[in-house]
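Load the model in your viewer and keep the sequence panel open. This tour says what to select at each stop.

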Amino acid sequence: HWLESVSKVNLSSVGILGGHSVGRTWKPEHGVVGAELMAALIREVKSTWSLWISVKTNVRVTGLLVDDKGVMEGVEYQESTINSSSNSGKERQFARQVVVASGGFGFDLDGLMRTYRPDLVAFPTTLGRQTTGDGIKLAAQVGADLVDMEYVQLHPTGFIDPQDPDNRVKVLAAEILRGIGGVMVNQNGKRFVNELATRKAVVDVMLADPHCPGRDCWFWLIVPMSHAYKAPNHLNIYRNRHLLQEHSYSDLSSLLNCSTSNIPDLAYQGGNESFSSTDRILVGKVTPVVHYTMGGVRIDTQGRVLRTDGTVIEGLFAVGEVSGGVHGENRLGGNSLLECTVFGRLIGAESVKIDPDLSSSHVVSRGPVHVKKSKPQVSLPTLSLAQVETHSHPDDCWTVIDGKVYDLSRYAEEHPGAPGPIRDSCGQDSTTRFLGAHSLGLLGDVGFDPIGTITVS
């Protein structure tokens, strides 16, 4: 309820994920929970807290600043366009509290992954190229202890894209697909595991398959169309990208390239109802993927960063995947967002407690101030779809959404949902694809303003 109150996102739909005994993961009816919450909180920062919060983008933090007693003083950073090997152009932002929330290290193949889990370096991953453990390394430079670095999660289901099967970066086949009734079968068409066991338990069974690990390590994920209404946004995303394709259940033996006798009567996951020969199904190929790093910076129960001797680095906090020791050997589905919410609140309260200037400031004593910023009225040019089609490369990418043209150039690699959806939208009208996954207001919330309107023929 607190998260709903601050984000204004309606989290009224509940789902069950692996390792859960009951449905306990709350999400919006429309949109993907992570994207909707981030967009809503960005909007809140821009509108309600813009007097108190300054946002700097396209910068790279190069160091954490501490005084001679080891107390935080702020951060050192560079504009991203500056040569990283040069000391010129570095700036300092002084602050009594620094919160590190920079994510995990699963893409740091030649660094932290090779140091702590060299056996997983060859696995595909769902993680973006930004997850290289930068925050962990920065915190360690000022004396932070690291914990559980050897605990790296393999998620059971990363989609193998039929159009790009060898791409190391996979799109996550979200656990909700199994939560709504999806089942998994091996290359012989046999169901082999309780799909809603913990991620580790499912992966352990998968890796025991004679085809695993390696390029030939893949399995079929089958989702009943009759249950598609329970996760429409996820299914729209996957179907638009051809990661899930619709078939009839009677076609399954030919699709799986095995005899009908090898395919037992399959029951929907989580119920007694079985597939029938007249059912429509969604089918995709999946493989185990590096998805999350449980290890990171050691923190206490208030999110304060600890040194190797157990003392607190005053003024330094860590939250999210950059921190370690919260999830044990393997994280349950849904608990990452829960962790960010819980520790985010705790760190906010702790910051106010330990900084007398902050506790007496306008932020606390007066509360948020809603600032209405009136943008200058700009007449948008009218563009044709033919003009949009000439901007079809990720580095020069225009797309049409709800009658307006947006410039998404060079955004593909930054897109949290993998580069593919952005690349696929370049030079096209992507309204249906976008609205199948997100609410329309998300565009403005994350900072994209239209550059034109489209002519209607």
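Two strands count as paired here if DSSP finds at least two bridges between them. Keep in mind that this is a predicted model.

**Stop one: β21 and its partners**

Select β21, residues 404–407. It runs antiparallel to β23 (residues 452–454), and two bridges join the pair. Find Lys404; opposite it in β23 stands Thr453.

Pick Trp398 and look across to its bridge partner in β21, Asp407. Then go to the turn. The hairpin of β20 and β21 has two residues between the strands. Asp402 takes a positive phi there, near 55°.

**Stop two: a three-stranded sheet**

Select β7, β14 and β17. They form an open sheet in the order β7-β14-β17, with mixed pairing. β7 (146–147) and β17 (323–324) are the edge strands, each pairing on one side only. Zoom in on β7 and β14 (residues 296–298): two bridges link them, antiparallel. Leu146 has Val297 of β14 as its bridge partner.

**Stop three: the second largest pocket**

Which residues lie closest to the centre of the second largest pocket? Select Ile160, Pro165, Lys170, Arg215 and Trp218. They belong to a lining of 27 residues. The pocket holds about 550 Å³ of space.

Colour the lining by class: 14 residues are nonpolar, seven polar and six charged. Next, show β12 (245–248) and β13 (280–293), each of which supplies at least two lining residues. β13 gives the largest share, five residues.

Technical notes:
Residues numbered from 1 in each chain as written. Predicted model: local features only at pLDDT ≥ 70, side-chain atom pairs only at ≥ 80, totals over all residues. Heavy atoms only, no water. 1 Å grid on protein atoms, 1.4 Å probe; cavity = no way out; pocket = protein on both sides within 12 Å on 5 of 7 lines; lining within 4 Å. Points joined across faces, edges and corners; volume = space filled by probe spheres on them. Helix = DSSP H or I, 4+ residues; strand = E, 2+ residues; numbered from the N terminus. Nonpolar A, V, L, I, M, F, W, Y, C, P; charged D, E, K, R; others polar.
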